[in-house]
Amino acid sequence: VLVADHQTAGHGRLGREWTAPPGSSLLVSVLLRPDLAPGDAFLVLGAAAVAACDACRDVAGCHPGIKWPNDLVIVAGDRFAGRKIAGLLAETIVRDGRLEAVVVGMGLNVNWDDRPPSALDEIAVALDRIVGRPVDRDALLESWLRGLDHWLTELDTPEGRERLQARVRNLSATVGRRVRVEQASGTLVGDAVDITPAGHLVISPDGGGPRIEVAVGDVVHLRHRD
């Protein structure tokens, strides 16, 4: 487990930049060597996301949801609804068809002291702004690691994997939403209706037609009138 106090050259999906000033965020990476097939590596990211939601709830009293595939956002009903609170990334090492290692990284906005970066003011938010008090980063880290350990242990059995995937669906901020999915092949607009056992997002497209499974893509949550 590697934890940093600040970050100047972090990256997320598609190489997007992630920076964080000193003391503002929980910035952590974990090296794992799970006994999983390469195609099941997405389960590790699900375990990390569920553990992060639980840590925010238990330590700060905040209840974020999981925006498919790898963000935590504030859910509807909160004045900060839709804003991003964390990003997660899982990078794999596969050799000879075997999953050798997974590195899970997380950047969780914790204490911005009412000084959000101007470029993020309408996009992201930190825990302290939501709950109105400073939040203990060390307590968040401990809670997240304990939760991650629990959910990784659940991956050892089919029943445990089903419990994890049920939690991912239950915590999803995307399922039930109208979405736009940006893919290399084009743009898909419709209703997100499910997440498959393979971790794919199921879309019921506008205009009818069969449902479409999306394995990779950038998702934008839309209002129903958009």
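**Figure 1. Overall dimensions of the predicted protein chain.** A compact globule of 226 residues would have a radius of gyration near 17 Å, and the protein chain agrees with this at 17 Å. The radius is taken over C-alpha atoms, and the globule rule is 2.2 Å times the number of residues to the power 0.38. Along the principal axes, the C-alpha atoms fill a box of roughly 50 × 45 × 30 Å. This is a predicted model, in which local features need pLDDT of at least 70 and side-chain atom pairs count only at pLDDT 80 or more, while totals for chains, interfaces and linings use all residues. Residues are numbered from 1 along each chain as its sequence is written, and side-chain values use heavy atoms, with hydrogens and water left out.

Figure 2. Just after H1, Gly61 takes a positive phi of about 75°.

Figure 3. H1 is largely enclosed by the rest of the structure, because 15 of its 19 residues are buried (under 20% relative accessible area, 1.4 Å probe, protein chains only). Buried residues make up 45% of the 226 residues in the protein chain. Of the contacts (heavy atoms within 4.5 Å) with a separation of 6 or more, 55% come from residues 24 or more positions apart.

Methods
Buried < 20%, exposed > 50% of the residue type's maximum accessible area, 1.4 Å probe, protein only. Helix = DSSP H or I, 4+ residues; strand = E, 2+ residues; numbered from the N terminus.
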